Amino acid sequence: MVKRLLIVDDEEGIVEEIADFFKDEGFEVQSAHTGEEAIQSLRTQLPHLIMIDLKLPDMSGLLVLKVAKELNPRIKAIVNTGYVDQNMVEQAEHLGCDVFLHKPFDLMKLKEEVDRLVA
Amino acid sequence: MGEAIFSYTGLINAVTSFALGAFVLFTQWRFKTARLFSVFSFAVGYWASFYYLWLSARDGAFALHYIRQAMLGAILIPAAFTSFVFAFLEKKGFAFNLINWLLAALFLSFSFSPLFITEVEPRMYFHFWPVPGPLFHVMLAYFVVNVIAAHTFLWKALGRVRGIKQRQIQYVFLGTLLGFIGGSTNYFLWYNLPIPPYLNILVSLYIITVAYAIARYKLMNIEIVIRRTLVFAGLMAFVFAAFAAATFIAREILSRYLKLGAYGSYAISIFLVVLGYDPIRNLLLNLTDRYLFQKKYDYQKVLKDASRGMARIESLAHLTRLVIHFVTMRIRIKNAAAVILDDNYQCFKVAFARGYGGEWNYSVIPVEHSLIQYLSREKEALDLEKVKELQISSPLRGIRRKGESQGRDYDFHAIEEKMNELQAACVVPSFLGKELRSILVLGEKKSGDVYSEADLSVLFTLAQESAIAIENARLYDEALNKSRELEKINQQLEEASRRLILALNDAEDANKRLLDTQAQLIHEQKMATLGRLAASVGHEVNNPLTILSMNVSRMILKYRKDPNIRVADVSEYFEKMESNIQRIKAVVNTLTGLLKKSEKGKFEALSLKLVIEETLPLVQFQTYLDNLTGTEVEFDIPANLPLIKGDLERLQEVFLNLFTNAYHALATQKDRNIRVSARVDEGNSKQIIVDFKDNGCGMDEETANRIFHYGYTTKAEGKGSGIGLYMCRYILEIHGGEIKVKSKKGEGTTFSLTLPVYEEQAARVAR
């Protein structure tokens, strides 16, 4: 069964790289650049795993996480950010975030985590 | 022979009476008492003169005429005496005196008629004794009634009054009584009683007692003249006595042995007069001095003692105490005080007082006071009696003295009041040069005696002597006080400087604490700024780094799958890596560029435009988190705006804060506009005004008022420190400028900043 990923990040380059990589690995990848797009996508089709950048142009990534978990708590979530704020980490974990990654993250590490969560 | 002796008593009586009457009249004519007294004296003198002529007469007709002339004087005596007594006792008795004088006039009109004196006949050894007519008895009765009445008044008055007046009355009473008793011895022979007028000489006693009263108790206010009068009278008496004696000796004794004749006796008498004149004069002077002016003798010693004592005293307090003590003990007075000119020459103050009760209230005497004025100008001691007299004698409150071209006005009533307040019987001024410096205030004598002219003159001398001593003492005290004051001031200065040092230490501590606090604040602010910077740098750098890292990872994976992979197949990755490296480089360059500029140092000439423009990238880093893209920033900064003087780093902090705040205020709206404009202050060309305006949410007045307070923030907890604007204000203040806010809820906010123009440039422009 093909696993679906939703990548949410305002940084075009990052979304592109992750999407390309996981497509190559056999995942079905959706992408969104804003919170709005992400929520739209979630409502259309639930992914197995969502990867959210906390800083989005229109809203906090935490909100997207919250929406996703509300739609289906079984959705795995990886939250990442370039700026570490312990407060945010706690909030994310509280909302059901499974893994918290700091930018810049290692692609292999991401792969490991994704494999672990959706295997 | 007997007749001659009695005739000489008449002569002495005449001379002394006329002399005293004349002196009193000439010196005291202003006073009714004195005028009436001289009338009385002249009447006595007139009577005594003709008494002498009568007894010297060799012819019955002359004798009759002279005795009638003598009676003319005698008729005037009672009315004159009673009038004098009335005036002397300040008694009203106009009708009484009028009747008296009318009676006298009635008797006068008959005095040459046989009704008064019928004839003269030999009685005892008098050749021409008068035989009284019927009217004589009436006149004698009138005479006796008057004398008794007058003395009764005097006696009654004695019980009423005190002090000087009492003494005066005593002497007038006694003197005139003796005089009248003496005179009355004339009348026995009139009634054929064989008693010759032995005591006729007593008439002169009234003169002597009155003269004594004048000298001692200021009756009639004469002093010096009385001495001369008495000496003169005494000398006259002596001269006549010498003549009489010579004549007597020549006639009665020498004529038995040798023929001398009238000229011979004259020669002898002249010889006697020449021989005796000087010794007699000296004797009389001595006698008057000793008995009338005895105090002067004592005072010589008093003065010597006093001045010797005073010269040694240095302290004013000690000296005044000494003077007052001396005066009270020596003169034996109830109370005394030394009143001394105040240091500021405004008033006289009591320096030392003795003998006053516990509740003695006195006030200072201003220099304008009549008492001071009087003493300063008249330069004489003043006693209460004199003040009273002057008050009466100068109804216009001015006195006109002999030798003075203008009268001077003194308020004698005020003087009397002041003297009563000081409990002074007399005041003695003391001068230094021409200036009144101190006043000796003397109370009543313990004896109840009054101050005589002699007292006053001695006291005056004493006061003058003491003036120099007092001045010396005053200067000594002044110097002493000055040195004490200086010492005190010195101590105060020392204390003040000690306190100042303490205060300075405190201030230094406080300043240090303040600096510490400020440093702490700046650190906090820096940390906050750094934190925000770190956040934006994190995003700005971490995103490209992530891409870079992922590209590297993916290339490695591709290589593992196919070790023969060609570069062309992965060039896409390289290009991405290249572009992301450029991004990172750009971020790093911006940051280091900013840092470099801020290292340049403090307060330099800066272009406001550049400062703000260079702050913008920092702002963008800062606000990176806050989704504020699309905010329009508009600049209106004239190119020719003068350079400002400022600290770049600090000013950038200010603008960073303002931008950050503005962005936050704009966060909730779509239409975002920030406008920064600058201009030279119209009111002060050395200042530039920067208006920083946003169209954001604005704030209410309360917030606007508190916005610059430390720790005040409207941002959510954890987001705002409440330090930013506080720091802005602080930074502007250290620049010598200020920051104000104008805002309205919902209509945006304008911060107005003033910054100093860089002076050198300003000066160049002005030239």
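**Chain B up close**

Reply: In chain B, helix α12 (residues 370–378) packs against helix α14 (residues 412–421) at an angle of about 100°, and their axes are 8 Å apart. Bear in mind that this is a predicted model: local features need pLDDT of at least 70, side-chain atom pairs count only at pLDDT 80 or more, and totals for chains, interfaces and linings use all residues. Residues are numbered from 1 along each chain as its sequence is written, while chains are lettered from A and ligands numbered from 1 in the order in which they are written.

The axes are lines fitted to C-alpha atoms over the stretch in contact, with angles running from 0 to 180 degrees between N-to-C directions. The helices themselves are DSSP runs (H or I, at least four residues), numbered from the N terminus.

Who meets whom? From α12(B) come B:Ser370, B:Leu371 and B:Tyr374, and they meet B:Ala414, B:Ile415 and B:Lys418 of α14(B); contact means C-beta atoms, placed from the backbone, within 7 Å. Sorted by class, you get 4 nonpolar, 1 polar and 1 charged residues there (Ala, Val, Leu, Ile, Met, Phe, Trp, Tyr, Cys and Pro are nonpolar; Asp, Glu, Lys and Arg charged; the others, Gly among them, polar).

Now for the neighbour: 17 residues of chain B are in contact with 16 residues of chain A. On the chain B side, α15 (453–561) and α16 (567–598) each supply at least two residues, and α15(B) gives the most, with 13 residues. That side has 5 nonpolar, 10 polar and 2 charged residues.

How values were computed: Contact = placed C-beta atoms within 7 Å.
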